[in-house]
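Colleague: I would like to learn how to read strands, helices and charged pairs in a model like this one. Please give me the general idea each time, and then the case at hand.

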Amino acid sequence: MEATSDTPNDNNLITPLRAASRNLAREWGFLRPTIAGSNLSPAAVHALIELGDGSSPGMDELAAELRISRGQLKGVVVPELVGKGLIMAVVASGNGDDGERYDLTNEGRETLGEINAFAQGQVAKALEDVGNGNDVTAGDITSAFRIWTQALERTRQVGENVPSPAVTPGQEGGPFKLPEMAPAAATKVVGAKGMVEIVSGYLPGILGRTVEMHMDYYYPRYNWGKEFEMTFTEGMVDLLKRVGNGKGNQVWAAVLKQSEGKDRIVGTVYIDGESSGKEGVAKLRAFIVDEEARGLGAGKKLLRAAINFVKEEGFRGCELTTSKLLTVARRMYETEGFKPMGEFWYGGWLEGVCSMEYLWERPAGEGA
């Protein structure tokens, strides 16, 4: 039979697909020592995700799911996660595979939430660009990915002990048969606990929640106590007084709309248009998302709202200061166009913590 462009083993299909797969691996960071805005190896990140579903798989099951050997899992991946305090042993004997099982610690669950938020933001940003010059939809991409990964699983030559999945129901007809995905809402993110809505301007209790979320995060990790709380609160009181005064000061809250009607502020970000000391440069302050809302994309929505405000108000730049340890937050800033300007070691209640300064600048030629 003469080969045509529709023949599966035609290089006209295989070569570009291999190139796309390599580029995908590079874009997602699989060639780097760490991945997903974390300080973890790719294998550790995927193990954390699998353990995060609460099923506590045994070593054989987890190794098979990750497509790695049991020796690599027990000798490299598990020690990495245990050493960082992200997982803990929950069973020590029995169950045929020596009974060794692990579950996420509180720190592990928080790290997983940050990884999910990073990954969801990465995919959402790419999906926004789908259709930009291409006659495809987000639904096409999703359908093709599922069909392709299932084909790879069914035809792999290693790990024969791993059951090959059947075709997902509803996809027997091949790619591009899924319902088209609707674009993400501009200001709302739906999560298991309810819907997160981004609200601009003052809300009753926003100052208290801003301080509370910062203390809940920084005190247990870095022991930032009384001095930090007093200094931070004093600064936020001054800024809140100026919010809405027409001089480029504003606040946004991520509000969790719960079914029982008890809405709760689960994230904040502020723009201070007056205190940078530089003409036309604003400051981004008090950006934080509560643990219960991490992984829902609220952080990205908050940050996007703040940057849009900066643009609309005609600022030529926006600066911020953050801890170098907050890798997920820093990656979000960089995704939105902030560039690192330098590092410094802070004294006082920040003693021993390396901080970083970032600056967003209006693109050349874009009118203020």
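Colleague: Does D272 count as buried or exposed, and at what relative accessibility?

Modeller: This is a predicted model, and the values are computed from it. The cut-off for buried is under 20% relative accessible area. D272 has 0% relative accessibility, so it counts as buried.

Colleague: With which residue does D272 form a salt bridge?

Modeller: Side chains of opposite charge can pair when their charged atoms come close. Here the partner of D272 is R242, with 2.9 Å between the closest N and O atoms. This pair connects distant parts of the chain: R242 belongs to helix α8 and D272 to strand β6, 30 residues apart. R242 is buried as well, at 15% relative accessibility. Both residues belong to a network of salt bridges that also links D238, E274 and R285.

Colleague: How many salt bridges does a search of the whole structure find?

Modeller: The search finds eleven. Among them is the pair R209 and D290, at 3.4 Å from N to O. R209 sits in helix α7 and D290 in the loop between β7 and α9, 81 residues apart. Both R209 and D290 are buried.

Colleague: Are E343 and K324, which also meet in a salt bridge, buried or partly exposed?

Modeller: E343 is partly exposed, with a relative accessible area of 48%. K324 is partly exposed too, at 35%. Their N to O distance is 3.2 Å.

Colleague: Now the strands. Which strands pair with β8, and in which sense?

Modeller: In a regular strand the side chains alternate between the two faces of the sheet. In this model, β8 covers residues 317-323, and six of its seven residues are buried. It pairs with β7 in the parallel sense over three bridges, where K283 stands opposite E319.

Key: Residues numbered from 1 in each chain as written. Predicted model: local features only at pLDDT ≥ 70, side-chain atom pairs only at ≥ 80, totals over all residues. Heavy atoms only, no water. Buried < 20%, exposed > 50% of the residue type's maximum accessible area, 1.4 Å probe, protein only. Helix = DSSP H or I, 4+ residues; strand = E, 2+ residues; numbered from the N terminus. Pairing = 2+ DSSP bridges. Salt bridge = Lys/Arg side-chain N within 4 Å of Asp/Glu carboxyl O.
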